[in-house]
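Please examine the sequence and the model before reading the solutions.

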Amino acid sequence: MKIFNYCITLLTISLLTLGTSTAQQKKPDSMKRYTKVPAGYLMVLRQDDDVLKQLEAFAEQEKIPSASFTGMGFVNVTFGFFNFETKEYDPREFKGVELASMTGTIAWQKGKVSLHTHGVVTDRTFAAYGGHILAASVGTGSVEILITVHDKKLERVMEQPLGANVLHLEP
């Protein structure tokens, strides 16, 4: 009976320790993800953060009229190549890759934040892949993004027959 109680105690301690370490690994949603710098804003995202959602939330919260951004880090990403015949993106997913370069713009469309984001990633063989970023989450490590804010509110408009959203420089 003593051995049984000892085993139950060890199992309980192990489960509690595992639960504590798992809880410590999760980051709170309130964690600061960006700060104002002379060039605009510096955003640092961590593992599992959704890159595009964080950029959208930032633009809404800070009431950004429009901006350009660049970034780098480690990601799981889905690129899309725009098929002009179907007017849709042909997607391709890459996991555990290094984001060698990300560039994009923040504008507005019908009252909502509108991102246009492209990037290049490399794998462990140094092969590079790139395109329009449809989705991205931070992999192991972080993603750093420098956001340069513009003084004019810019809108994206769906242009036909192109079938794509285009940044308009004038209202």
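Buried means under 20% relative accessible area, exposed over 50%, and partly exposed in between (1.4 Å probe, protein chains only). The model is predicted: local features need pLDDT of at least 70, side-chain atom pairs count only at pLDDT 80 or more, and totals for chains, interfaces and linings use all residues. Residues are numbered from 1 along each chain as its sequence is written, and side-chain values use heavy atoms, with hydrogens and water left out.

**Exercise 1.** Characterise the aromatic pair of Tyr34 and Phe58.

Step 1. Rings of Phe, Tyr and Trp (its six-membered ring) pair if their centres lie within 6.5 Å; planes under 30 degrees apart count as stacked, over 60 as edge-to-face and the rest as tilted. The whole structure contains seven aromatic pairs.

Step 2. Between Tyr34 and Phe58, the centres lie 4.8 Å apart and the planes make an angle of 80°, so the pair is edge-to-face.

Step 3. Tyr34 counts as buried because its relative accessibility is 17%; Phe58, at 1%, counts as buried too.

Step 4. Ring pairs link Tyr34, Tyr41 and Phe58 into a cluster.

**Exercise 2.** Which residues have the most contacts inside the largest nonpolar core?

Step 1. A nonpolar core is a set of buried Ala, Val, Leu, Ile, Met, Phe, Trp, Tyr and Cys residues joined through side-chain atoms within 4.5 Å.

Step 2. The largest such core has 30 residues, and Val77, Ile106, Ile145 and Ile147 have the most contacts inside it.

Step 3. Contact means heavy atoms within 4.5 Å. Not counting residues up to four places away in sequence, Ile147 touches residues including Tyr41, Leu55, Phe58 and Ile106.
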